[in-house]
Amino acid sequence: MMYRLPQVAGEWIDRSRTLSFEFEGRPFQGFAGDTISSALAAAGEMTLGRSFKYHRPRGIFSFANHDANNLFQVARPSSGWVPNVRGDVTELAAGMRATAVNTIGGLARDRGRFIEWLAPFLPVGFYYKAFHGRNFPRWEQRIRAFSGLGRIAADARRERTPKRYAFCDVLVIGAGVSGLATALSAADAGARVLLVDENARAGGCASWTGAASGEVDALIRRVADHPDIELLPGTYAAGIYADRWVALVEPSRMAKVRAGAVVFAMGVIEQPAVFRNNDLPGVLLGSAAQRLLRRYAIAPGKRVAILAANREGYELARDLRAHQVHVAAVLDLREGAGGDADGLGDVRCVTGVVPEAAIAGSKGVVRALRVRGATIECDAVLMSVGFAPAAGLLSQAGALMQYDKALQQHLPVKLPPGIFAAGRVNGTYDYAARCQDGRDVGAEAAAYARGGLVGTRVPRPETARQVSHPYPVFPHPSARDFVDLDEDVQVKDLLGSAQEGFDSTELMKRFSTLGMGPSQGKHSNLHGARILMRSRESTLADTALTTQRPFYHPVPLKHLAGMGFHAHRHSGVHDRHVSLDARFMTVGGWQRPEYYQASGQSREDCIAAEVRAVREHVGLIDVSTLGKIEIFGPDAGAFLDRIYTGSFSDLRVGMTRYGLLLDESGIVRDDGVIARLADQHFYFTTTTSGAANVYRELLLWNARWRMDCAFVNATGHRAAFNLAGPKSRELLQALTDIDLSETAFPFLGVREGGVAGVEARVLRAGFVSSLGFEIHVPYRSAGQVWDALMKASGVRAFGVEAQRVLRLEKGHAIVAQDTDNLTNPFEAGMGWAVRMQKPFFIGQRSLRIHVRRGARQKLIGFELAPDQVASGAAIRESNLLIHLGGIAGRVTSVAQSPTLGRTIGLAMAAPNLAAPGTPIVIRASDGRLVSARVVRTPFLEAG
Amino acid sequence: MSSSADAWLRVPEARRRFGVKGSRAAALLEQLGLIVPATPNSWSPLRAGDRDDSRNVIGRLGTTEFFIEEGGDAPGITGLEKRIREGASGAYPVLREDAGVVLGGPRARDVLAQVCNVNLAVLPPRAVVMTLMIGVSVLVMAQETDEGRVYRIWCDPSFGSYLQSELEQMVNQ
């Protein structure tokens, strides 16, 4: 059982500050600086969680932020519940309440623990096999109820965390010995260096092995004092992307770093031995025990057995003895090894060991280790049998990794430009060699970042010392020999996968779920590949490990969400809409009034009243969101002729014309009104959502055609209002010096002049009513003009919903609502806007093909039959037209018309249903079939 | 104005802004006695002899487009508009109703690092940058003033209230 030791030199805890917390409803105490797991371990609490599949009791295993079984649901006094808190690295806070995730009824009495009895019925690939046939829904519900880690609190407070962008010449990931040396070397060469490490303090493995601690401390001090190095502890690199763009996760935020060069000095990840019950609480990695010992003054047990296969295992034993921890035995997997045992006194050292099983005591915690020929009584089993490189990010960066048989480790053999590796990830293990490696790499990285031409550095690792056992896997006939502790994957599962034909690392991963848990295979991928290769009588050199993808560690969603910026746009009279109690909607990034709330009226009544105001008197709508583009120059007219389907080079100055824009496949993409203000000056509108795209297309096309014209996107810089209704002329005339009479200013005309004292462009519009004026003014003058218009008697502001009804009554289609990605202009009834005889316009060639093929659909107007009036409310856009039992079209627009007193709409229909008078049937959202008939548009001629 | 101990954000008093583009735009500016920045994506005080921290500035956006901000009666802009209206060929008016803010203080770089992936902290002295800032297209230039380095930021006016309110939040953090 673990316990707290007297003060250990360099410990991370502050014994003068005791913190009280709860775990599973029981009170505990720890010290400031403890993590949740270390505080529990110090109290002798060995079982900290339950495994994902079998609900087996689990404890500390790696203590390196890789353990999926030490996840807690945590509540702090200042915030609600947070799921999946990593207990090994999360600092203890006073008042914390923690519970284990993945339990039913609590950790001790977890009702899910009985599932292990069903293990014979849960073979590898069980999930896939269960989801077949009639049992599928039932199995899915049961598995969903049983699965998952942590509970989300629906009432959790939204935390907005800032992000930042950062820039450096050299980014060094990993602040162990080689990382520290790299950073110093690069900074001394003139580079600005950012040095990050996921641990709370720099020093890497020296901080838990104690090796060369004096020299490492000196390196850390030099780094802290160096003006060109920024050290970020407690920060991990979550992913690396193109052009050396790296996502760093700091405790309180995410930083997006652009680096001139990136050095990976992330070291290695200790690997477990695989044998029966290697997952019991009390069985842990040697490095975990040393982290507990040196950082938190915690002994792994009172009687410790060490499974070793390298020098590190013996150093571990010496370290424990130096801290008065009893080592029962060092059990070396290697034959004949013994030279490392110096200084171990009376510790029993045995070589050629074959582990068979860890044996559990009454509380499910290890009490003995059985090896071939002996049983060792112990309360802790520490494994020091080898390492795998922490090369996930290196792989993401594009490094080519190859297995080195001498070192039993994958090494980077080819690195992309600007990417470097140093230290143990590079195959360099001894202290002096790691320092030198760091110095060399730092200088190269700095030279690269400053623009020096360097070749791809090929690492030259040291030879000789074996640090990793080639195959520390000892399958047991009764299984429970876990390869992946996240997913409870055993050796037989992997052998079974291969037997069923999933015999590559990628397929085996997906079939068995090896490496798919929160640790993403950090302790299992290598062994999985070894087991697979041995089953195929091959070697690791013949296969690649599975490709590592971001993120390296799980990233809190709040860091990804960040501040939650949502860029949005306001017109120049937004505050006027607010004061009129507008209800807003978002259209193309703009906040637009959907309607204006009148006191005591429903939404429908407000909209109907706005429609009536326009029909009977005059209404005013803010259409500032329309795209507004100007084109100048000698070729302006000719350019528009090519872009739009109509003719504009022959448009008279002072007139407008409808413009229809197609893509190259002849599909309707956008529309607007094009005004000719002068011989070489056109001003035209686009749809709200299409403004940016249309402008970009114009620039792209002219980059090819190189016509003599210039473009200005004035969309946000001009406001626009539509004054519509029978009284609109009379009202506007009082505010302008422009002659608005029919003869002076006919329909489709455009004039420039003053409106309410502001220079304006006025267009005769007919989108919502027969008489209407679109007034375009500079953004900053919008309020002045709006106020002047609204002061006039009888003017009512109307919103987007009323506009939709009004234009529908006039039979006007809206691009991208009444058309879709397959609609050409002839199908949409817009053939009148197409001048096929022009030499060229975009989409012309495709349109000829469409014409030859004939229409597949037609946009029709419809109204409900008189006896179907009550059903009108049930008809929605996208309701289907049904004919002879099949789908014959869909509703694109529908509304109850206050003017006409009936439900009207537009629909895309099969051509044989398009003739006026044809009866059609619409399937409403509630499933009812509603009768309607096709009618000509517009539904309303005058008004 | 928003400010904390080490960052501040101001909305300058009403100033006129105007743009001109076209193959003859540079020549027209010279005829009117206004400075034409020598290189694309650079700025200059509007007139020869103006101080480097003058608030009357002209920016060259690319090769043939110019952006001017001028205070008071804005005689430079007025003259330019007049010449264009009179039919100066090859020079076309660009309506500029931009929203503008000025950001300064020792923490200004930290604020900018939260909203823009261009390293504005190392912006060369006369550079104009056209980039994105929290989803908004902006123009940015840096000036050395009595208050230290300040950043002048302009954007489409319809995004103005959003950009300003978000920057204010960060300044006040």
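Helices are DSSP runs of H or I with at least four residues, strands are E runs of at least two, and both are numbered from the N terminus. By that count, Arg852(A) sits in helix 22 (residues 844-853) of chain A. You're looking at a predicted model, where local features need pLDDT of at least 70 and side-chain atom pairs count only at pLDDT 80 or more, while totals for chains, interfaces and linings use all residues. Residues are numbered from 1 along each chain as its sequence is written, and side-chain values use heavy atoms, with hydrogens and water left out.

**Out on the surface**
- Arg852(A) is exposed, at 66% relative accessible area (exposed means over 50%, buried under 20%, partly exposed in between, with a 1.4 Å probe and protein chains only).

**Aromatic pairs**
- Over all chains, the structure has 21 aromatic pairs (rings of Phe, Tyr and Trp, the last by its six-membered ring, with centres within 6.5 Å; planes under 30 degrees apart are stacked, over 60 edge-to-face, the rest tilted).
- One of them is tilted: Phe387(A) and Tyr429(A), 6.1 Å centre to centre with 45 degrees between the planes.
- That pair links distant parts of the chain, 42 residues apart: Phe387(A) is in strand 25 (residues 387-389) of chain A, and Tyr429(A) is in the loop between strand 28 (419-421) and helix 10 (431-449) of chain A.
- Phe387(A) is buried at 7% relative accessible area, and Tyr429(A) is buried at 4%.

**A ring cluster**
- Ring pairs tie Phe639(A), Trp701(A), Trp705(A), Phe711(A) and Phe840(A) together into a cluster.

Key
Chains are lettered from A and ligands numbered from 1 in the order in which they are written.
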